[in-house]
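Thanks for coming, everyone. Let me put the structure up, and then we'll walk through it.

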Amino acid sequence: MLVLNGPNLDLLGTREPHLYGPHTLADVERLCRTTAHTLGLAADVRQSNHEGVLIDAVHEARTAHRGIVINPAAYSHTSIALRDALAAVGLPVVEVHLTNIHRREPFRHHSHVSAVADAVVCGAGVHGYVLALTHLAHLLDADGH
Ligand code: DQA
């Protein structure tokens, strides 16, 4: 499975900890790898601050991975290109947000990615990645992938 993290998530741990919590990106990466291992799967966990790099990673996933967990961060709210890439590769997608974007500023309430995601987890903090990976594994089982 590919776990993709978008812009500014490399600053987790120091970035607005009252919103995003104390965990670092390294903690999230470790959590995802451990969770995937428990599910009998492997997680390739990546982060980029660049829209095109994220899109390239989605394209690569078409042949390299069975599903995608993505926290598109601010690109959720702006990137039709990332949404189109996810739609194009046709893999199961679970979108994650650490915070409950619906309780935040109005510009965060809409995510372009949600329309192409099989499920959305938001507001569960880093546990959201565990939920997302678990659900993705369930989707893969159900589809016989
Ligand atoms: C976020 C929510 C986004 O609105 C924000 O731009 C982020 C992180 C979250 O995980 O809660 O960078 O995706």
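Starting at the N terminus, the elements of the protein run β-α-α-β-α-β-α-α-β-β-α. That comes to six helices and five strands. Both are DSSP runs, numbered from the N terminus: helices are H or I with at least four residues, strands are E with at least two. The radius of gyration, taken over C-alpha atoms, is 14 Å.

Some ground rules. This is a predicted model: local features need pLDDT of at least 70, side-chain atom pairs count only at pLDDT 80 or more, and totals for chains, interfaces and linings use all residues. Residues are numbered from 1 along each chain as its sequence is written.

Now the inside. Of the 145 residues, 37% count as buried, meaning 20 or more other C-beta atoms within 10 Å of their own, with C-beta atoms placed from the backbone. The largest nonpolar core has 37 residues. A core like this joins buried Ala, Val, Leu, Ile, Met, Phe, Trp, Tyr and Cys residues through C-beta atoms within 7 Å. Ile68, Val69 and Leu133 have the most contacts inside it. Which element gives the largest share of this core? That is α6, with six residues.

Take Leu133. Leaving out residues up to four places away in sequence, Leu133 touches Met1, Cys32, Thr35, Ala36, Leu39, Ala43 and Val69. Contact means C-beta atoms, placed from the backbone, within 7 Å.

Technical notes
Rg over C-alpha atoms; globule rule 2.2 N^0.38 Å. Buried ≥ 20, exposed ≤ 12 C-beta atoms within 10 Å, placed from the backbone. Contact = placed C-beta atoms within 7 Å.
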